[in-house]
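Trainee: I'm new to reading helices in a model. Could you walk me through it?

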Amino acid sequence: MKRFDLRKIDWTGYAFLAPALLILSLFIMYPIVWAFIASFKVINPMEMRQTGLFTIPGEFVGISQYIEVFKNDLFIKSLFNTGYFGLVYIPITLVSSALLAIFVNRQLKGVNFFRTVLFIPYIISIVSASLIFLFIFNSDQGLVNALLYKFGIDGPNWFSNSLLAMPVIAIMSAWKKIGYFMLIYLAGLQNIPHSLYESAEIDGASPIKKFWYITWPLLGRITLVVSVLLMIDTLKVFQEIYVMTGGGPGDSTTTVPFLIYNEAFQFFRIGTASAMSYILFLIIIVITIVQKRAVDKKLG
């Protein structure tokens with residue numbers, strides 16, 4: 001049997017990989033394992049300060065914290081709030097980005113300028129975008145209420161209304177991401193053979209029929225990819241909530257990531273927050289499997 005000689009291995013490649021692997025292990029893999037163990041313990045933050053991050057103090061309680069999470073009315077409400085955000089955010093972003101991609105795909109004068117303008121919101125930080133929309137939807141001096149007043153309508157207090165606060169946040173998130181997904185759709189549009197449209201014109205097809213029978217079916221794969229990315233955005237929405245509403249009014253905008261943050265860093269219930277994180281992780285896995293099967297079926 002041939003002996004394995006370590007001296008004959010070229011360690012150069014491993015040396016270049018070592019810093020990245022160290023960072024990956026220290027800041028990603030270790031916290032994942034730490035949180036999993038912590039989800040089965042009741043942890044006192046003061047004990048953590050004494051023992052350090054590389055030990056996990058606390059009393060082992062098994063799956064009781066997972067059970068308590070499902071009994072937590074606020075957690076259930078946060079799931080519905082996250083879904084409510086997605087119901088507004090995903091359709092607006094999907095439809096708007098597709099329509100804008102069709103518009104900027106035309107050979108019009110100044111179309112490159114419009115592409116740039118539409119992409120600019122994506123490079124703005126979420127905090128800056130949130131502050132902009134806080135000003136636009138301000139109940140006293142906001143642009144939206146000022147326009148409504150011109151038509152004799154008394155504008156609402158958007159961020160104090162439990163029904164309106166989440167749609168405003170979703171609209172802001174959509175405004176920020178539309179330019180990015182527009183480029184994805186634009187790449188798909190530019191890969192559609194122009195000969196298909198020429199054949200349709202010869203047959204007398206109207207623009208609507210060309211879109212319905214050529215453009216939209218051939219963008220099916222792109223739409224599935226965009227849908228997956230939008231779902232990921234929905235399940236990790238946090239910064240917008242933190243800046244714009246702080247989870248209010250009355251927890252109406254408290255999403256699962258925001259609730260996890262509060263449990264861990266506001267109330268110092270580390271074990272409960274870890275259990276919530278892994279429940280969210282399982283939900284993401286289930287949604288990913290369902291979406292993957294939908295994609296495989298569509299592409300198959």
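Predicted model: local features only at pLDDT ≥ 70, side-chain atom pairs only at ≥ 80, totals over all residues.

Trainee: At roughly what angle do the axes of H5 and H8 cross?

Mentor: Helices (H or I, at least four residues) are DSSP runs numbered from the N terminus. Axes are lines fitted to C-alpha atoms, for helices over the stretch in contact, and angles run from 0 to 180 degrees between N-to-C directions. Here, H5 (residues 111–123) and H8 (residues 165–190) cross at roughly 130°, with axes coming within 5 Å. That makes H5 oblique to H8; angles under 35 degrees count as roughly parallel, over 145 as roughly antiparallel, 65 to 115 as roughly perpendicular and the rest as oblique.

Trainee: Which residues of H5 make the contact?

Mentor: Contact means heavy atoms within 4.5 Å. On H5 they are Arg-115, Leu-118, Phe-119, Pro-121 and Tyr-122, and the H8 partners include Trp-175 and Leu-183.

Trainee: How do H4 and H8 lie to each other, then?

Mentor: The axes of H4 (residues 73–104) and H8 come within 6 Å and cross at roughly 40°, so this pair is oblique too.

Trainee: Which residues are buried in H11?

Mentor: Buried means under 20% relative accessible area (1.4 Å probe, protein chains only). In H11 that covers Gly-220, Thr-223, Val-226, Leu-230, Asp-233, Thr-234 and Leu-235.

Trainee: How far apart are the end C-alpha atoms of H11?

Mentor: They are 23 Å apart, which agrees with the 22 Å that its 16 residues should span at 1.5 Å a residue; the expected span is 1.5 Å times one less than the number of residues.

Note on methods: Residues numbered from 1 in each chain as written. Heavy atoms only, no water. Helix = DSSP H or I, 4+ residues; strand = E, 2+ residues; numbered from the N terminus. Buried < 20%, exposed > 50% of the residue type's maximum accessible area, 1.4 Å probe, protein only.
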